Amino acid sequence: MVPDVLITHATIISMDRARRVFWDGALAIRNGQILDVGESKTLRSKYPKVKEAIDASNKLLLPGYINAHTHIAMALFRGLYTSEPGSIYSIMFPIEGSLEPEDVYYLGLLGAVECLKGGATCIADHYYFMEEVAQAINVVGLRAVLGHTIADRLAPFVGEREKKRAFRFIRDWREKNPRITPVLAPHSPETVSAETLRELKRMSDEEDILLHIHLAQSPQEVEYISQVYATTPVEFLDSIGFLRGNLLAAHSVFLSDSDIERLRSNQVSVVFCPTSQVSYLYSDVTPVPELLASGVRVVLGTDSAAGPGNMNILEEPRIASTVQLFRARENAQLSPQRILEMVTVDAAAALKLDGQIGSLEPGKRADLILIDLQNAALAPINDIYAAAVYGVIAPYIDTIMIDGEIVLSNGIVVGVDEKQLVEKAADIRTAVLKRALERHPDLSRSLTWQETRSLR
């Protein structure tokens, strides 16, 4: 069998079951799948003929990172305001109400480019106008788990129309593109009624569709659920049968010991978004050591680029480790290998894609990252996992492949005119904020936008 591509002489962190590392490794690709992984000498002998040979000397080969919670079209909010508690309600929701479908397409394209350049080959996105987000994802070539946001109150777009949009998106995209998996995306327990949550849970069970929800993410949510249902958000979802089955819970910051046990017993996967959570200025962040000690799967996401954030998943493992050390100190030490699992194999399992991605082994899709190791910030390499988690940054990325196709080379996203996209995004930003400020003049006091009076 002749491989389409044979990559040789790479240092390979396979993340396979044995967690094998190949110091002079090779990887063969055929029809978008990984055909073989092993030592360079062995694979060069086994496959003397190849269509394309890539010499990856002095490069690290990793499984593509999985960003398990994003809002890519929220690139609009980058540096737009100074962090404050409750900014979801006071800033984000009012501005989002001024978005149009075309805005979300271009902002989604901008965010997809940022995610890819930040090391993600797969994202899980939760937002409005998901049809437009999916079209943007198609252009960039990312693998994605996408859900149109459903809400009944508070959010900028609520009600039956949003449910219908969400259901139509699932119907239209289930078989449309093998790289895109549509899911159900209720916003949160405080914005979605118990009746709607039960309906979505039934649909999830009947059609085997993942549920992606924000859970226990803010003090406001915790207070609302306590007042209305006299429970915690986790207890409330458990009481209506929502926790059981395919559930991805973003944030999960405010958890009691009994909440953690409920998440464990129901096999819920939790997404820790350290940069985003710290920027909210809440009193805590996701209790990762406690969750892991209880047997809850924890994975990583960037959330949005709002405030001081970005969507660079390569940075989150290091930040996640640092935040947890600061929070819990003695019991919070996570090994570099454990952290890397959270953005590869564990994230793939959380998204129900572990048969396709998350590790470099035969039969899986060829989603991978090549990192240039000839950088002073990585030398000397004493622990290859530590180098990957603590040292690698986006500029060190040499190549990214998805389904064996090169989608990023030398920092350039294939098929996207980034300069033109940036200019378009600036125009959209201006138009959206003009509309938002007309509807909500008081927003101007919260924004750090430097063009409030002199718009481009």
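The lining of the largest cavity in this predicted model is made up of seven nonpolar, eight polar and two charged residues, where Ala, Val, Leu, Ile, Met, Phe, Trp, Tyr, Cys and Pro count as nonpolar, Asp, Glu, Lys and Arg as charged, and the others, Gly among them, as polar. Residues are numbered from 1 along each chain as its sequence is written, and side-chain values use heavy atoms, with hydrogens and water left out. Because the model is predicted, local features need pLDDT of at least 70 and side-chain atom pairs count only at pLDDT 80 or more, while totals for chains, interfaces and linings use all residues.

A cavity is a set of points, on a 1 Å grid over the protein atoms alone, where a 1.4 Å probe fits but cannot get out, and its lining residues have an atom within 4 Å of a point. The structure holds two cavities of 30 Å³ or more, a volume being the space filled by probe spheres set on the points, which are joined across faces, edges and corners.

The packing of nonpolar side chains comes next. A nonpolar core is a set of buried Ala, Val, Leu, Ile, Met, Phe, Trp, Tyr and Cys residues joined through side-chain atoms within 4.5 Å, and buried means under 20% relative accessible area, with a 1.4 Å probe and protein chains only. In the largest nonpolar core, which has 145 residues, F77, I95, I137 and L263 touch the most other members, and helix 3 (residues 101-117) provides the largest share, eight residues. Leaving aside neighbours within four places in sequence, L263 is in contact (heavy atoms within 4.5 Å) with L215, V234, L243, L255, V268, V270, L291 and V296. Another core, of 17 residues, lies apart from the largest one and includes V5, A56, A366 and M401.

Note on methods
On a 1 Å grid over the protein atoms alone, a cavity is a set of points where a 1.4 Å probe fits but cannot get out, and a pocket is an open set with protein on both sides within 12 Å along at least five of seven lines; lining residues have an atom within 4 Å of a point. Buried means under 20% relative accessible area, exposed over 50%, partly exposed in between (1.4 Å probe, protein chains only). Helices (H or I, at least four residues) and strands (E, at least two) are DSSP runs, numbered from the N terminus.
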